[in-house]
Amino acid sequence: MNPTLQAIIKARATPWVLLAMTLTATAFALVGSRRRAFASPQLLELSVKIHDRGRDYVRGLELIVSGDPVMGNNLLASATDRMTVLAEECVRTDGCDIDIFIRALRAAIDERHLAAASPSSVPALREQLVDQALTTVPAPTASANSPRRGLQLEDAIPLNGPVKRALNDWLTWNRPQLADAYGNYLFLREQIAPIYEKANLPEALLFAVMAQETGAKVHSYSSAGAAGPLQFMPTTARRYGLGSVDGFDMRLDPVAATKASARYLTALLRRFGNDLPKALAAYNAGESKLATLHKQISGVSFWDAKLSEAIPMETRSYVPGVLAAAWIFLHAQDYDLVSSGLEVGTTTIALRESASIGELTICLGPGQNRNGWFRTLRNLNPRLSGNQRIDAGEKLRIPSMLVPRYVEHCAGDSPLLARARQLHDATDEKEERFDYALQEGGT
């Protein structure tokens, strides 16, 4: 094997294997698919995306060959993660097959002119991708359409007056929070949605509670002392294992908080006979109060005035608000909540230069996020402050779609990074009368 190719594969073995598995999974999933005489707009758009990811992949290989393994590995990891997502999209796109992937990768290799650095490596790279794709057999994965057990959410959401009024609120004056919550949630989704699925709880319920509680902001605190994206009070948090670890409040860890939330809601549903509105009311107002009312007014629905008027006004609004947000999540396309073109996968990268999350937010720019990436980066790295510089070589979780921009604009002698550093280090040169800490954006 060509020495350059050996060095490349050794430097980043995992993405090569994952890419091969992706190609193979696509090939097996599409066995027997019919070819189309013409390419649909969806297929053309997908082909462009695949080609772009292949180009990023080859750019990563170039960086490794040229002596920059940190940035090269970052691009390889990002391109592989994004290619896996595209493979899933290919399965759902009529006319897409394994040839689409292979042609896109070959075109990307030609386009990047890797031969300029090592002419003999181009054919080997092509054949390596194709050979591994056709000989590596991945483990079977569960179908996205597999039936799920547990709470059937649509059946549990009554489109009554209170829920319809809550729908109106979400879709009018409160739509900015709904949109922000949806955007924040999508980048946490791959980490936390499987937790609810494993607990046989609907994902829409997880989103809805986060949207109602905090807008899916991980570092949120309430005046009553609740904290985290799912707003656990200290007592309940300790009961479900959300204490302090090395000075970090585990209520702010979205994965730990989601695990606790799944256990807590499961317990509440069991306690209140699988009555979702009552379980949500208990989640908000406290289970003791709801348990007392549930016992005193036996057999009465949450929507009955005897019960609803006996609970705080906040809880009377909270329950229909959560149910309405869940309904919108279940019908996101119908309510124009889905952002077209937004890639929501995430990748762990190694920083080439020391930088804070604030500095990275500035040099990355807003991109496809009208609010910028500060909140997303904070959510994905809950233990990190927004203004504390992270050492070079340390790991950071970021949206996969931002990795190419990070490689180009947030390292070395980048003018965007220089501007971000200048702003980060700015002080009042005299008496520091206007000195202040960077706002972390918790609420």
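The questions and answers below walk through a helix, a nonpolar core and a loop residue in this predicted model.

Reader: How many of the 10 residues of helix α13 are buried?

Author: Helix α13 spans residues 276-285, and it is largely enclosed by the rest of the structure. Its buried residues, among them Leu276, Leu280 and Tyr283, pack against α7, α10, α12, α14, α15 and α16.

Reader: Which residue caps the N-terminal end of α13?

Author: At this end of the helix, the backbone nitrogen of Lys278 lies 3.2 Å from a side-chain oxygen of another residue.

Reader: Which residues touch the most other members of the largest nonpolar core?

Author: This core holds 73 residues, and α8, α9, α10, α12, α13, α14 and α16 each supply at least two of its residues. Leu205, for example, touches residues including Tyr196, Leu265, Leu276, Leu280 and Val322. The residues that touch the most other members are Tyr185, Leu205, Leu280 and Tyr283.

Reader: Is Asn381 buried or exposed?

Author: Asn381 sits in the loop between α18 and β4, where, leaving aside neighbours within four places in sequence, it is in contact with Ile357, Leu396 and Arg397. Its side chain also reaches the backbone oxygen of Arg397 at 2.8 Å. Because a residue under 20% relative accessible area counts as buried, and Asn381 has 8% relative accessibility, Asn381 is buried.

Note on methods
Residues are numbered from 1 along each chain as its sequence is written. This is a predicted model: local features need pLDDT of at least 70, side-chain atom pairs count only at pLDDT 80 or more; totals for chains, interfaces and linings use all residues. Side-chain values use heavy atoms; hydrogens and water are left out. Buried means under 20% relative accessible area, exposed over 50%, partly exposed in between (1.4 Å probe, protein chains only). Helices (H or I, at least four residues) and strands (E, at least two) are DSSP runs, numbered from the N terminus. Contact means heavy atoms within 4.5 Å. A polar contact is a pair of N or O atoms within 3.5 Å; within protein, one must be able to donate a hydrogen and the other to accept it, and residues adjacent in sequence count only if both atoms are side-chain atoms. A nonpolar core is a set of buried Ala, Val, Leu, Ile, Met, Phe, Trp, Tyr and Cys residues joined through side-chain atoms within 4.5 Å.
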